[in-house]
Amino acid sequence: MAKTQLNVRVDEDTARAARERALARGMSVNRYIEELVRKDAGEAGHTFVDAAADFMKSYESVFAEEFGTSGDAVRGEGRR
């Protein structure tokens, strides 16, 4: 995979923490930051799916009343 250079400015405490944590994990700071971003991006996707599932569960009875149950809406048998 091609790499793109990204320059960021952080305060000295943040830079020190990044270096220490990368060293403790036996990886470069670049790799450490890359993994943090990938993890964060993945969590955002999971967070969205979890929120959508919670929404559906909260309004399950409303959907059932509007569209029926047991796949009625899929067959086009929900009330309109």
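Arg19 is partly exposed at 48% relative accessible area (partly exposed sits between buried, under 20%, and exposed, over 50%, with a 1.4 Å probe and protein chains only). Its side chain meets that of Glu12 in a salt bridge, 3.5 Å from N to O (a side-chain nitrogen of Lys or Arg within 4 Å of a carboxyl oxygen of Asp or Glu). Glu12 is partly exposed too, at 47%. The model is predicted, so local features need pLDDT of at least 70 and side-chain atom pairs 80 or more, while totals for chains, interfaces and linings use all residues. Numbering starts from 1 along each chain as its sequence is written, and side-chain values use heavy atoms, leaving out hydrogens and water.

By this rule, the salt-bridge count comes to seven. Helix α2 holds the pair Glu35 and Arg31, four residues apart, or about one turn (helices are DSSP runs of H or I, at least four residues, numbered from the N terminus). The closest N and O atoms of that pair are 3.1 Å apart. Arg38 and Glu34 also lie in α2 with a spacing of four residues, and their salt bridge is 3.1 Å, N to O. Glu34 is partly exposed at 21%, and Arg38 at 44%.

On the nonpolar side of things, Val29, Ile33, Leu36 and Val37 make a surface patch of about 300 Å² (residues with over 30% relative accessible area and no salt bridge, nonpolar side chains being joined within 5 Å and like charges within 9 Å; areas by Shrake-Rupley, 1.4 Å probe). Val37, in helix α2 (residues 29–58), is exposed at 51%.

Methods: Helix = DSSP H or I, 4+ residues; strand = E, 2+ residues; numbered from the N terminus.
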